[in-house]
Amino acid sequence: MDKNTAETLVRTGPGTPMGNLLRRYWVPVLLASEIAEPDCPPVRVQIMGEKLLAFRDTEGRAALISEFCSHRGVSLYFGRNEENGIRCSYHGLKFDRDGNCVDVPSAPQACKHMGITAYPCVEMAGMVWAYMGPRDKKPALPDVEWCSLPASHVFVSKRLQECNYLQAMEGGIDTSHVSYVHRYEVDQDPLHQGTKALDYIKADGNVIFEIEKTPFGLTLFGRRNGEPDSYYWRVTQWLFPWFTLIPPFGDHALGGHVWVPIDDHHCWAWSINFRVDRPLNEEELRDLNEGKGVHCEYEPGTNVPGGTFRPKANKDNDYLIDRQAQREKRAYSGVFGFAIQDASLQESMGPIQDHASEKLLPTDRAIVMARRMLFEAATTLQPDSDPPAIDTDQQRVRAAGVLLPRDQKPQEWAVVHLADAKNQKVYSI
């Protein structure tokens with residue numbers, strides 16, 4: 001990838017081509033539990049380089065405004081959340097959830113000139129989502145399957161990842177790495193163990209990909225040897241611009257991710273597990289809360305409102321790498337935990353990967369296609385045009401794992417069985 005393309009893809013601040021593109025979609029900004037009650041303490045939020053403040057007003061409505069007062073630039077984090085607005089502690093200016101200045105004690109007539117940036121918010125799946133683009137271009141709400149399920153069916157976590165969103169998200173698109181970095185832990189993880197799929201994944205690391213461009217993004221068909229008369233297909237979905245859906249394992253919960261830039265050197269890795277047919281049970285919730293599966297343990301005291309949500313295993317402690325476990329084949333890289341196994345390798349590339357030095361392989365075709373789609377969308381977007389995949393009806397798809405006869409095309413199977421997730425059963429082995 002040439003340097004100009006790389007720069008375009010990784011820079012998401014205000015006014016950048018990629019930043020303008022990503023702001024045209026609803027973006028998850030924080031857990032609803034971080035602003036759990038009306039008039040609770042506000043929480044600092046940074047998204048795509050913008051320093052913002054989240055709070056819940058007196059009527060219980062989530063809000064996202066600029067962190068800084070328009071008067072003298074004081075952080076409203078130190079303000080008072082009361083009576084449907086944030087009052088600056090320096091000179092008493094007050095701002096409502098829409099960014100309107102509703103009180104200037106020293107100069108009431110100045111209110112109309114003192115407004116600050118605010119973004120509309122909604123709550124879905126235990127997350128607060130904001131739309132940060134032009135108001136007249138606000139799209140329909142996301143309709144990824146887990147967004148519309150009852151709260152009892154969905155578990156959501158987020159973690160800080162200390163690298164650019166693109167290299168983190170590309171790990172979510174790349175299903176071939178499962179045969180290597182996760183190969184020993186999958187047998188022990190309670191959200192993966194006991195499934196036939198693991199045998200196929202570990203036995204065949206030479207994944208053959210067929211990639212299909214779709215109205216919502218990309219469908220990745222990863223083929224491994226199955227039984228003598230069949231192939232095992234892992235069908236991964238990338239929903240433009242930042243969702244991934246993970247092929248399920250057996251009767252375990254389905255999963256997915258959202259990859260959201262904090263700035264150009266950090267991102268939020270959102271991880272989701274969900275059940276379409278029933279609530280998550282006590283055992284599943286225990287495992288999820290303990291950081292099993294695609295989730296993680298946090299540094300003590302950081303997974304609180306306004307906390308860093310930084311993993312316990314991080315770059316400062318070499319991700320708690322255990323070389324003895326590596327030698328004994330208990331952890332392929334010596335790092336434990338699916339999320340941290342991925343993060344350790346993606347962060348090892350540096351805050352922003354040197355894409356110009358890559359030597360890509362056939363298994364990277366989906367990554368190349370995703371980059372091209374993002375670049376073209378960012379560089380051709382006009383103020384009066386719509387970005388790709390804005391029709392959320394197209395998001396009603398599902399990932400799958402399935403054995404198919406060797407002469408059957410997975411694309412034909414997917415059209416019948418995965419095109420409308422809400423009316424289909426879960427396909428997994």
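Visitor: Which residue in β6 is the bridge partner of Arg80?
Guide: That would be Arg87. Keep in mind that we're looking at a predicted model.

Visitor: What makes β5 and β6 count as a pair?
Guide: Two strands pair if there are at least two bridges between them. β5 and β6 (residues 86–87) have two bridges, in the antiparallel sense, so they meet that cut-off.

Visitor: Why are β5 and β8 called edge strands?
Guide: Start with the sheet itself: it is open, has four strands and runs in the order β5-β6-β7-β8, with antiparallel pairing. β5 (80–81) and β8 (101–103) each pair on one side only, and that's what makes them the edges.

Visitor: Which annotation covers residues 26–130?
Guide: An unreviewed UniProt entry gives "domain: Rieske" for residues 26–130. In the model, the end C-alpha atoms of that span lie 6 Å apart. The span is 40% strand and 0% helix.

Visitor: How do you know that Arg97 forms a salt bridge with Asp57?
Guide: Check the distance. The closest N and O atoms of Arg97 and Asp57 are 3.9 Å apart. The cut-off is within 4 Å, so the pair counts.

Visitor: What makes the pair a link between distant parts of the chain?
Guide: Arg97 sits in the loop between β7 (94–95) and β8, while Asp57 is in the loop between β3 (50–56) and β4 (62–66). They are 40 residues apart.

Visitor: Is Asp57 buried or exposed?
Guide: Asp57 has a relative accessible area of 0%.

Visitor: How many salt bridges does the structure hold?
Guide: There are 31. A network of them links Glu162, Glu299, Arg310, Lys315 and Asp316.

Visitor: Why is Glu290 called partly exposed?
Guide: Partly exposed lies between buried, under 20%, and exposed, over 50%. Glu290 comes in at 40%, so it belongs there. Lys292, its salt-bridge partner at 3.2 Å from N to O, has 30%, so Lys292 is partly exposed too.

Visitor: What makes β15 mostly covered?
Guide: Ten of its ten residues are buried. In a regular strand the side chains alternate between the two faces of the sheet. Here one side has Ser230, Tyr232, Arg234, Thr236 and Trp238, the other has Tyr231, Trp233, Val235, Gln237 and Leu239, and all of them are buried.

Visitor: How many bridges join β15 to β19?
Guide: Six, with β15 and β19 (residues 400–405) running antiparallel. Arg234 has Gly401 as its bridge partner in β19. Arg234 is also the bridge partner in β15 of Gly222.

Visitor: What do β14 and β15 form?
Guide: They form a hairpin, with four residues between them. β14 (residues 217–225) pairs with β15 over nine bridges, in the antiparallel sense. Another hairpin joins β15 to β16 through three residues. Three bridges join β15 to β16, again antiparallel, and Leu239 stands opposite Phe243 in β16.

Visitor: How many cavities of 30 Å³ or more does a search of the whole structure find?
Guide: Six. About 320 Å³ of space lies in the largest cavity. It is lined by 25 residues, the closest to its centre being His177, His182, Ile246, His257 and Asp342. Elements giving two or more residues to the lining include β15 (230–239) and β16 (243–246), but the largest share, four residues, comes from α7. By class, that lining has eleven nonpolar, ten polar and four charged residues.

Visitor: What lines the second largest cavity?
Guide: Among its lining residues are Leu191, Ile246, Phe249, Asn273 and Val294. The space is about 100 Å³.

Visitor: How many charged residues are in the lining of the second largest cavity?
Guide: None: the classes are seven nonpolar, four polar and no charged residues. Only Asp, Glu, Lys and Arg count as charged.

Notes
Residues numbered from 1 in each chain as written. Predicted model: local features only at pLDDT ≥ 70, side-chain atom pairs only at ≥ 80, totals over all residues. Heavy atoms only, no water. UniProt positions renumbered as here; feature names shortened; annotations may be inferred. 1 Å grid on protein atoms, 1.4 Å probe; cavity = no way out; pocket = protein on both sides within 12 Å on 5 of 7 lines; lining within 4 Å. Points joined across faces, edges and corners; volume = space filled by probe spheres on them. Buried < 20%, exposed > 50% of the residue type's maximum accessible area, 1.4 Å probe, protein only. Salt bridge = Lys/Arg side-chain N within 4 Å of Asp/Glu carboxyl O.
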